[in-house]
Amino acid sequence: MISDKLLNQTIRFTKEIQALLNGTIASHVQIKAVALQLGDDRLFMLGHLLDKRTLTAERFQLKPRAPKVELWIDVSFQLRLDIEREHLMVHKSFVGVFGSKDAKHGLFHYDYERDKADGYPDAHLQVEASSGFFESLNDPKTDTGRSLAALHFPVGGKRFRPCLEDVIEFLAVERIVQARDGYEKILEAGREEFRKKQLLAAMRRDPATVDYFISQHRTAEKA
């Protein structure tokens, strides 16, 4: 059976993501969760109107500032418990912006895959763009025809990667999408919560550094 801890934390995370999107740049988003088996472990896959049979989420439409153009966003997560079986962690995530519901290429996408095995950064950004200068840098023996869109830009690793709030802020401040009034407060609250969780996770993984700073603080208080 799926542990109550995993289920309860996943339900809470699902509600948070749905409220964040509907409160800032989207309407009527319905984030669904489906349980999956991962070896001896279990995880939840999350996405808008996620199909239990195909395990695919639907993109949902945003309202662009430019007239007569479509704007769609794809948001999905895979969640599991950490090694201590106590805290929810993101196993994979994807956020991409596209010009249609089914387009294969779009504006950009952020990917995160914990312990990625193909040599690329766990957390990275890919931008659908071209650069003649970059193409001139390709090794003609190995990388002929490689475009800028093929590059994986590292973005902070597993601990300090961008959060969904950062992507929403980018779309809003760059005047790509029409955001709701007061969206800034929602983003700041969500981003602050994300950063606290990441800080606590970093502290759990590096107790020696935490002990060092505690000892330094105590020494300073006595001085």
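## A first look at E188

Is E188 buried, partly exposed or exposed? With a relative accessibility of 41%, E188 counts as partly exposed, because that class lies between the 20% limit for buried and the 50% limit for exposed. Keep in mind as you explore that this is a predicted model.

E188 has a partner to meet. Its side chain and that of R191 form a salt bridge, with 3.2 Å from N to O. R191 counts as buried, because its relative accessibility is 5%, under the 20% cut-off. Salt bridges with shared partners tie D166, E169, E188 and R191 together in one network.

## Neighbours along a helix

Where do E188 and R191 sit? Both belong to helix α5 (residues 183–205), and they are three residues apart, about one turn of the helix. Here is a handy general idea: an α-helix has 3.6 residues a turn, so residues three or four places apart point the same way.

Helix α5 also holds L199. Together, L199, L200 and M203 make a nonpolar surface patch of about 280 Å².

## Salt bridges across the chain

How many salt bridges does the structure hold? There are 15 salt bridges. As background, side chains of opposite charge can pair when their charged atoms come close.

One of the salt bridges joins E86 and K5, at 2.7 Å from N to O. This pair links distant parts of the chain: K5 is in helix α1 (residues 4–22), while E86 is in the loop between β4 (72–81) and β5 (88–98), 81 residues apart. E86 is partly exposed, at 39% relative accessibility, and K5 is partly exposed too, with a relative accessible area of 34%.

D41 and R80 form another salt bridge, and their closest N and O atoms are 2.7 Å apart. Again the pair links distant parts of the chain, with D41 in strand β2 (residues 41–48) and R80 in strand β4, 39 residues apart. Are D41 and R80 buried or exposed? Both are buried.

## The buried face of α4

Now find helix α4 (residues 164–173), whose buried residues are L164, E165, V167, I168, L171 and A172. Why do these buried residues line one face of the helix? Looking down the axis of α4, you would see them fall within an arc of 160°, so they line one face.

What do the buried residues of α4 pack against? Their partners are α1, β4, β5, β6 (106–113) and α5. Just after α4 comes R175, which takes a positive phi of about 60°.

How values were computed:
Residues are numbered from 1 along each chain as its sequence is written. This is a predicted model: local features need pLDDT of at least 70, side-chain atom pairs count only at pLDDT 80 or more; totals for chains, interfaces and linings use all residues. Side-chain values use heavy atoms; hydrogens and water are left out. A salt bridge is a side-chain nitrogen of Lys or Arg within 4 Å of a carboxyl oxygen of Asp or Glu. Helices (H or I, at least four residues) and strands (E, at least two) are DSSP runs, numbered from the N terminus. Buried means under 20% relative accessible area, exposed over 50%, partly exposed in between (1.4 Å probe, protein chains only). Patches are made of residues with over 30% relative accessible area and no salt bridge: like charges are joined within 9 Å, nonpolar side chains (Val, Leu, Ile, Met, Phe, Trp, Tyr) within 5 Å. Accessible areas come from the Shrake-Rupley method with a 1.4 Å probe; for residues, only the protein chains shown count as cover. The arc is that of the directions from the helix axis to the C-beta atoms. Contact means heavy atoms within 4.5 Å.
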